[in-house]
Amino acid sequence: MTDTSITAPAIAGTPKTPAGSAGRRFASLFITHAILITGAAFILLPFLWMLVTSIKPPDEVFNAQLRIWPKHFYGFENYAMALTSAPLLRFALNGIIVCGGILIIQLLTAIPCAYALAKLKFPGRNLLFVLVLLGLCVPEQVPALPIYIALAKMDLLNTYFAMMVPFFLSVFAIFLFRQFFRSFPDDIIHAARLDGMSEFEIVWRIVTPSAMPAIAAFAVFSFVAHWNDLYWPLIVISDVNLAPPPLGMMFFSDAEAGTNYGALTAAATILTAPLLLAFLFARRRFIEGITMTGVK
Amino acid sequence: MSVTAVSAPIARPGARQAFIERLVAGGFALPALLLLVLTILVPLGVLAYLSFTDYELGDVDLHYVGLQNITAALTDPEFRRALKNTLLYVAIVLPGSVILSLLVAVLVHRRKRTRSLYEIIYFLPVTSTFIAMATVWQFLLHPSLGPVSAVLRWLGIGEIAFLSNPSLALPTLAVIGIWQLVGFNMILFLAGLSTIPKDLYEAAEIDGCGGEIDRFLTITWPLLGPTTMFVIVTSSITAFKVFDTVAVLTHGGPVGSTEVLLYKVYLEGFQYFRMAYASVLTFIFLIFILVFSILQTVVMDRRVHY
């Protein structure tokens, strides 16, 4: 009580009584959460419906009543059906192979190049950096056509290599790591040189470990982007056994032709789960990595 | 020019050192440069070359046709429709996702205990494998089996075929696009909000500027300017590149009402194999993206140098 009487003169201009301000605060809190929860419901609806449909028997899916929890638990049958009629684990494995391969080559090529751009002097450095900046503006769909023609001529369609090759170079990684390396102290590099370390050792044993946060964020960014990419796999892959998760899901849902929603949502759950679980466990890393283009 | 810059002013023991540095740097940059040439520059050159030919996949030889493809594109009613559909899609998704995400970010920003919960929920669509979620959306919006129709029936409105009605299909895809994008933009706005000093709000309160809306208009909105600019540019690019929803949910239909630019490029190039014509369309696509991207690079560069 004494508190309010002391602060009251300070805000004398506003006719707030303690009860009134508490009421207003409650109202504003109520409105805030009402808006946020409405939005959250809109966001969560597909996830919720995916989960409950994946444990519903066909007759409950088809009688189309607005019932959330199934009368009969049919989850086992739906998930078994999804796993036996489509090679879902194979899709996931393909996703891991492709994303892993892309990421390794991206790091191996981008890190030394970024170091050279940040710390070494060589002819054509500015030109190379301009090319990198230009490359940032070219989306994957633009070089797709010529690369497709080249792969078709070399008879390389329907291979892991075809799925990975347009993404081996990440100009974004070069740009990002260059920014990061520029702030690395020159004194340490000079000291390492005096100790007789080669530039190769300096890059991989001194500078790279210091950039781990940026590398981890980029790894998340790259992995999520290529795990979810549909455009390029759709173009170069027609063999079901090579399909990454999005393309595999598309094959499966075309095959089921929208009839067996129980099994379809079970498949969707299985294919969405790995990234969602990873996200829930490493939330900060994920958010940082995926939105890095903007926040950094 | 940078060669002289190295050797002239520095009195280090010799040109040998500088020579080695250039050699090493060249070695470091070479793999990336090679890939840059092979996967970006050469394809761009080939694309430009093909634009002036009549090449179709499988052709043994090709002929120079001048500007024929370009005039064909500019007069092609299907292409015009695709461009119009894409811009309409952007016109819905851009304001929708930016305004909603700004609202959510401002409201979430001041929550303490529930903040991370809301962050997780709104970010879920960004991390989920969208093609899988598209199947779920298809079911949600199914005119006879979906829960949305069930609610509409219960309300007495009746069933609505969201994805097979030509005038509703594109707006429906746009709503799904907003669903995908809100969480991403929210995080960008939250990052922007965290840079606004708290004392500004306190100062405003002392000055008698106490209302929520007042504070938003006098402090938050002006200081969020650069962030908002950035969100608008990235959202435009994302929306302009819409493809997945169309490819999975509507295949460009009904009656072409959702055929967007990138889907048209995909059809011409990789379904009909009319490579020359697809090259021209790709270039038009690139021009739009370039305008957005140059803006983005300028904004990003400025943010990095702060």
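Analyst: Between them, chain B and chain A bury about 8,600 Å², and 79% of that is on carbon and sulfur atoms. Bear in mind that this is a predicted model. On the chain B side, Phe28(B), Phe139(B) and Phe270(B) lose the most area to chain A, though together they make up 8% of what that side buries. Counted as contacts, 96 residues of chain B touch 94 residues of chain A.

As for the polar part, the rule finds 9 residue pairs in polar contact across the interface of chain B and chain A, taking pairs with both residues at pLDDT 80 or more. Helix H2 of chain B (residues 15–50) gives the largest share of the side that touches chain A, with 19 residues. Sort that whole side of chain B by residue type and you get 69 nonpolar, 16 polar and 11 charged.

Salt bridges across this interface come to 2. Glu119(B) pairs with Arg284(A), with the closest N and O atoms 3.1 Å apart. Glu119(B) also meets Arg283(A) in a salt bridge, at 3.5 Å from N to O. Glu119(B) sits in helix H5 of chain B (residues 115–127) and Arg283(A) in helix H16 of chain A (residues 283–290), so this pair joins two chains. Both Glu119(B) and Arg283(A) are buried.

Now for chain B itself. Chain B has 14 helices and 0 strands. Its radius of gyration is 26 Å, well over the 19 Å that the globule rule gives for 306 residues, so chain B is more spread out than a compact globule. The C-alpha trace spans about 80 × 65 × 30 Å along its principal axes, and buried residues make up 51% of the chain. Of the contacts in chain B between residues at least 6 apart in sequence, 67% join residues at least 24 apart.

Glu78(B) is in helix H4 (residues 77–109) and Lys264(B) in helix H13 (residues 261–271), 186 residues apart.

Note on methods: Residues numbered from 1 in each chain as written. Chains lettered and ligands numbered in written order. Predicted model: local features only at pLDDT ≥ 70, side-chain atom pairs only at ≥ 80, totals over all residues. Heavy atoms only, no water. Contact = heavy atoms within 4.5 Å. Buried area = accessible area lost by both parts, 1.4 Å probe. Salt bridge = Lys/Arg side-chain N within 4 Å of Asp/Glu carboxyl O. Polar contact = N/O pair within 3.5 Å; in protein donor to acceptor, adjacent residues only side chain to side chain. Helix = DSSP H or I, 4+ residues; strand = E, 2+ residues; numbered from the N terminus. Nonpolar A, V, L, I, M, F, W, Y, C, P; charged D, E, K, R; others polar. Rg over C-alpha atoms; globule rule 2.2 N^0.38 Å. Buried < 20%, exposed > 50% of the residue type's maximum accessible area, 1.4 Å probe, protein only.
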